[in-house]
Amino acid sequence: MGVYSVDRIVGDVAVLVGEDTSLSVAMSLLPTGVKEGSVLRVEDGSYVLDSVEEEARRQRILSLQNKVRRKNLV
């Protein structure tokens with residue numbers, strides 16, 4: 001099972017970034033509502049939105065940003 005984040009959308013193509021790879025996928029092959037920053041996983045040969053992983057990644061990023069801010073205040 002691959003997990004990818006949408007790095008950018010250029011016209012009708014989304015650039016997906018995984019742990020060790022990046023690929024370009026036609027938007028028509030992706031679920032409705034996909035946007036830059038969306039997290040997708042491959043399930044039964046299709047891409048599906050993974051809102052749980054997307055939120056987990058957002059929280060990790062916010063945590064790291066807060067640590068940097070606190071460090072810069074000292």
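## Gly18 and the loop between E2 and E3

In this predicted model, Gly18 sits in the loop that joins E2 to E3. With a relative accessibility of 14%, Gly18 falls below the 20% limit and so counts as buried.

Gly18 is 14 residues from Tyr4 along the chain, yet the C-alpha atoms of the two are separated by 4.4 Å. Once residues up to four places away in sequence are set aside, Gly18 touches Val3 and Tyr4.

## Leu16 in strand E2

Leu16 belongs to strand E2. Its relative accessibility is 0%, so Leu16 is buried. Beyond its neighbours up to four places away in sequence, Leu16 touches residues that include Tyr4, Ser5 and Val6, as well as Leu23, Val25, Leu40 and Tyr47.

Glu36 is 20 residues from Leu16 along the chain, and 9.4 Å separates their C-alpha atoms.

## The nonpolar core

Leu16 is one of nine residues that make up the largest nonpolar core.

## Gly37 and the loop between E3 and E4

Gly37 lies in the loop that connects strand E3 (22-26) to E4. Is Gly37 buried, exposed or partly exposed? Its relative accessible area is 37%, which makes Gly37 partly exposed.

Leaving out neighbours within four places in sequence, Gly37 is in contact with Val6 and Glu54. Gly37 and Asp7 are 30 residues apart in sequence, but the distance from C-alpha to C-alpha is 6.2 Å.

## Asp44 and the loop between E4 and E5

The loop between strand E4 (39-43) and strand E5 (46-49) contains Asp44. With a relative accessible area of 77%, Asp44 is exposed.

Most residues other than glycine have a negative phi. Asp44 is not a glycine, but its phi is positive, near 55°.

## The protein as a whole

The protein has one helix and five strands. Read from the N terminus, the order of the elements is β-β-β-β-β-α. The radius of gyration is 15 Å, well over the 11 Å that the globule rule gives for 74 residues, so the protein is more spread out than a compact globule. Along the principal axes, the C-alpha atoms fill a box of roughly 50 × 25 × 25 Å.

Of the 74 residues, 23% count as buried. Among contacts with a separation of 6 or more, 32% are between residues 24 or more positions apart.

## Surface and charge

The accessible surface of the protein is about 5,400 Å². Carbon and sulfur atoms account for 52% of this surface.

How far apart are the mean positions of the positive and negative charges? The protein has 10 positive and 11 negative charges, and their mean positions are 12 Å apart.

Methods. Residues numbered from 1 in each chain as written. Predicted model: local features only at pLDDT ≥ 70, side-chain atom pairs only at ≥ 80, totals over all residues. Heavy atoms only, no water. Core = buried A, V, L, I, M, F, W, Y, C linked by side-chain atoms within 4.5 Å. Buried < 20%, exposed > 50% of the residue type's maximum accessible area, 1.4 Å probe, protein only. Helix = DSSP H or I, 4+ residues; strand = E, 2+ residues; numbered from the N terminus. Rg over C-alpha atoms; globule rule 2.2 N^0.38 Å. Contact = heavy atoms within 4.5 Å. Areas by Shrake-Rupley, 256 points an atom, 1.4 Å probe, with all protein chains shown as cover. Lys, Arg positive; Asp, Glu negative; His and termini not counted. Charge placed at Lys NZ, Arg CZ, Asp CG, Glu CD.
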